[in-house]
Amino acid sequence: MTLDVSGDSAALSFTEKLAQIPWSFVFLVTIVACVGFAMLYSAANGQIDPWASRQMLRFGVGLALMLFIGMIDIRVWMKMTYPLYGLVLVLLVGVDLFGSVGKGAQRWIDLGFVQLQPSEIMKVTLVMALARYFHGASLEDTGRIPYLIVPLLIVGAPVALVLAQPNLGTSLMLIMASGAMFFLSGVRWWKFALVIGAILIAIPLSWQFLLHDYQRDRVETFLDPDSDPLGTGYHITQSKIAFGSGGLTGKGFLQGTQSHLNFLPEKQTDFIFTMLAEEFGLVGSISFLVLYCLLLLFGFVIAGRCRHQYGRLLALGLTVNLFLYLFINVAMIMGLIPVVGVPLPLISYGGTATLAVMVGFGLLMSVHVHRDVRMSRRGLGDL
């Protein structure tokens, strides 16, 4: 069947949905992922194992998942939003109770066949939950403080659980992405000013009672990176040396001295963009960032073309999430913000983060394919 006169695409056939898939977006995602495979190959000194081969497998699974999610009606995802959010929240509780510990943090839960990091999945389901809540909300609704209590609880619960792991970087990402969702939903600026003021007042107490010693060290190292270059400042010092040594065009693929002589730590995860800058220089770094900006542009265009509020908010929230990943990782490795352990999506080695990003891309495609569906205020339409 084809679109009816009202533009409702609820009855789109499989073939028609397939034709609506933005294949140029899929191609762009694949190109960015291939850059990641190449850098992981380089990080292993020219070996496909142990990182590049596993990342390729994960991306292949993620690509199939992305296309599957993109073909499913957006109203189905809307119906499943709160159950999915609740499930991931339960997994976060499970991590805090039974999670496995690695590198001083308790962030993973062992499912037998895979180590799952629920906080990465929460980045997607939290955006879905807020988009679901604010769908159909009027400016009058968002202007009433009691109306905002529920979404604040939706945000506060996972943030508290992730902070307990401890995982400050992901907690900050959840807060910033949620703040963007509140803003996009029409919440007035003066309410943000109140919240920011409260946060500023709470900083001294957080410093004293909330932050762990290593987190305080990271902030102090950020403020004075030369205070302990062989200790707490080692990561960022080596990152800056490698970043700057790449020059205009870089040292060449597999020729990065800082990374291949093991001066650069975590080169396969958080600091992989540093290795890219060392081997391909300023030209390569900017070219890569242009690819990422094209992904962001796709997200904003998809949001702009969507006719329903849920899809618009979902697409904007997921795109802002991707921007936060990129901004925080690049700013972190350049020493512009404290090191908080945020990976670079599709480039850094990591299973759950890669799959979570691909799920987010799948939801973006579902918004695009079903951009014309009609939704009631409750969001269920005539499905």
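I take the expected span of a helix as 1.5 Å times one less than its number of residues. The model I am reading is predicted.

Helix α15. I looked up residues 351–369 and found 19 residues reaching 27 Å from first C-alpha to last, close to the 27 Å expected. I then checked burial: 17 of the 19 residues are buried, so α15 is largely enclosed by the rest of the structure.

Core. I found that the largest nonpolar core has 94 residues, and that Phe134, Leu295, Leu314 and Phe361 have the most contacts inside it. Helix α14 (residues 309–333) gives the most to this core, with 14 residues. I listed the neighbours of Phe134, leaving out residues up to four places away in sequence; among them are Tyr147, Leu148, Phe182 and Leu313.

Salt bridges. I counted five. Lys123 pairs with Glu120, with the closest N and O atoms 3.1 Å apart. I located both in helix α5 (residues 118–134), three residues apart, about one turn of the helix. Lys123 is buried at 3% relative accessible area, and Glu120 is buried at 4%.

I next looked at Glu278, which forms a salt bridge with Lys251 at 3.0 Å between the closest N and O atoms. Glu278 lies in helix α13 and Lys251 in the loop between α11 and α12, so the pair ties together parts 27 residues apart in sequence. I noted Glu278 as buried at 0% and Lys251 as partly exposed at 30%.

Surface. I found a nonpolar patch with about 690 Å² of accessible area together, including Leu248, Leu282 and Val290. Val290 is in helix α13 (residues 272–305) and is partly exposed, at 44% relative accessibility.

Terms used:
Residues numbered from 1 in each chain as written. Predicted model: local features only at pLDDT ≥ 70, side-chain atom pairs only at ≥ 80, totals over all residues. Heavy atoms only, no water. Patch = residues over 30% accessible without salt bridge, like charges linked within 9 Å, V, L, I, M, F, W, Y side chains within 5 Å. Areas by Shrake-Rupley, 256 points an atom, 1.4 Å probe, with all protein chains shown as cover. Salt bridge = Lys/Arg side-chain N within 4 Å of Asp/Glu carboxyl O. Helix = DSSP H or I, 4+ residues; strand = E, 2+ residues; numbered from the N terminus. Buried < 20%, exposed > 50% of the residue type's maximum accessible area, 1.4 Å probe, protein only. Core = buried A, V, L, I, M, F, W, Y, C linked by side-chain atoms within 4.5 Å. Contact = heavy atoms within 4.5 Å.
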